[in-house]
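Please read this report alongside the sequence and the coordinates. It takes the chains in turn and then turns to what lies between them.

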Amino acid sequence: MSTITTTKPAKTGAEPTPSPRKRDDTRLALLFILPALIGFLVFMVWPTLRGIYLSFTKFNLLTPPEFNGLDNYVRMVQDPVFWNALKVTLYYVVINIGLQTVLALIIAVLMQRLTKKTWLRGIVLTPYLVSNVVAAMVFLWVLDYQLGIGNKIIDAIGLDRIAFLSSDTWVIPTIALINVWRHVGYTALLIFAGLQTIPETMYEAGRVDGASEIRMFRSITVPLLRPIIALVLIITVVGSFQVFDTVAITTRGGPVDSSRVLQYYIYDVAFGRFQFGYASAMSVALLIVLVVITFIQYRLTRAESSDLS
Amino acid sequence: MATLTTPVDVPPASPEKIAPEKPGFPAGRTLAWVFMILVIVGSLFPFYWMLRTALSSNNALYAGSDSLLPVQPSWGGFERVFGLQTGQAAIDAGGAGQPISFWHYLINSVIVSTLTTGGQVFFSAMAAYAFARLQWKHREKVVAFFLAGLMIPTIFTLLPNFVLIKQLGLVDTLLGISLPSMLMTPFAVFFLRQFFLGISREVEEAALVEGASKVRVFFRLILPMSTAPIATLSILTYITSWNDYFWPLMVSYTDRSRVLTVALGVFKSQTPSTGPDWSGLMAATLVAALPMLILFCFFARRIVNSIGFSGIK
């Protein structure tokens, strides 16, 4: 889930200054980029092209892929499990991102106001340091129907126990919640970092003009935070669509298909049924969804980028 | 995982304007702290619960499920996880009885993460230097090409990469797990390139005038000057690699190449589904989580400050 937001860093210092040895480094440069270039071509570019190609084939891994035109895509459009997976994934993303962004925003603003000490940011980030698998395992236990401390507490305050991971209404919100636990601190720190970029002079100017603190929060912080939130969303939404680990550990798509998110279905089709062609076609569909979302969000960010130049 | 950054060290703002907040409004501040404390408890409680359960004896968990302290404290969970308990003893304690040894997975995880981090950071640094400092034809085009790589979600390349790893005969090997991210990631290249671009040219020119070759400049000058970003990148890469699940799950089939995350999943699926061995499972979970938590203790400041944007100015 790595992201770089570039505003042309290339222009900072790279332009040719007259060098004492103005020689051409092409040979050396080639040597220097060779390993990375091989990695890039072999493990990124080639698989991308191959993934697209495989989506037009019938391929079970043992015999060479057979071209079958649009068969996989036709099957996909008619596959109710695929549409359900897409629906489940979207539902997950909405809950996951909605909850996470709101919580992260509150945490970031509060950290900004209360203390900027590293220890607090460290604690908030701690869940992010462990894997999705670890997070899933812990919550599997904490939310266990019989023995989980979560349900004990719910019991103690007089409510009915919740079958968090085995009821089809709760399963997706629960998985979303588990991943919010792991990622909210990271998201909060991203927003927090964004908050640091708002120049203090703006607040000074506001104070000189006699604006109240609440007024300044509304008219300075919020508008300037918008492009930051938009960037955070690009990063988190794309990551959220790829949910897999938590599902694989906790529910394996169940009960029935109620947590069968798209990535889990793709894995299941590829490694459970060895239908790599069909799995690739669904991957392409997911890729298109991600590209479209990134593009839309990118446009929205651009539209808002006038806020702080 | 991380986002490119010019270190977002908190600016030394004058104290009275740190908070764009109604000054000295105790009720609001108290409420804010209450919320923050809830966040802190929420973040840390699961870790405590992991430890408390791992140190309990499994059979006692059923009666003492709401005890805040370990129930009948015992090392049994850890003993099962490290294969120190006989099969029968493990079954009696509610475990699966299959021999498991997390030492082995721990070592596998260390090897994979080290290979990945070492290779990725070194080769990315070389490429970043070529992109930032060497003069060659088509440089900007190649840079743009790499930059486009950032747009490809890794998840899309996994399936075809698995096919490739299989063709290379590297399925179920540690090298097979490391290889796809061992040579570069676009993120690592641009992370370092951005830093190299900021290094003053004069120092470099001076060395060149004295007759040093560019290779020497890279190893003797640029790399030593960049220890801070290289350390940050290495830590972040190590954590990402350590926590990865999906890709190793595809590639490993047996204990030969199982890393901790995958082993944890296998361990979970082996435990009896009625009356699971929770203390064993939590012990295993803790073993998988602990190395990164320890790493975090040492590098908290560096990791925390590495999170931020570069693009926003």
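The sections below describe each chain, the contacts between the chains and the nonpolar core.

## Chain A

In this predicted model, chain A has twelve helices and two strands, and from the N terminus its elements run α-β-β-α-α-α-α-α-α-α-α-α-α-α. Of the 309 residues in chain A, 43% are buried. When the contacts in chain A between residues at least 6 apart in sequence are considered, 71% of them join residues at least 24 apart.

## Chain B

Chain B has 14 helices and zero strands, and its pattern along the sequence is accordingly written α-α-α-α-α-α-α-α-α-α-α-α-α-α. Buried residues account for 46% of the 313 residues in chain B, and, among contacts in chain B with a separation of 6 or more, 73% are between residues 24 or more positions apart.

## Contacts between the chains

The two chains meet through 98 residues of chain B, which are in contact with 96 residues of chain A. On the side of chain B that touches chain A, the residues divide into 68 nonpolar, 19 polar and eleven charged.

## The nonpolar core

The largest nonpolar core has 163 residues, and those with the most contacts inside it are Ala36(A), Met137(A), Ala127(B), Tyr129(B) and Val189(B). Helix α7 of chain A, residues 171–196, contributes the largest share of this core, with 16 residues.

Leaving aside residues up to four places away in sequence, Ala36(A) touches Phe123(B), Ser124(B), Met126(B), Ala127(B), Leu183(B), Met184(B) and Val189(B).

Note on methods:
Residues numbered from 1 in each chain as written. Chains lettered and ligands numbered in written order. Predicted model: local features only at pLDDT ≥ 70, side-chain atom pairs only at ≥ 80, totals over all residues. Contact = placed C-beta atoms within 7 Å. Nonpolar A, V, L, I, M, F, W, Y, C, P; charged D, E, K, R; others polar. Helix = DSSP H or I, 4+ residues; strand = E, 2+ residues; numbered from the N terminus. Buried ≥ 20, exposed ≤ 12 C-beta atoms within 10 Å, placed from the backbone. Core = buried A, V, L, I, M, F, W, Y, C linked by C-beta atoms within 7 Å.
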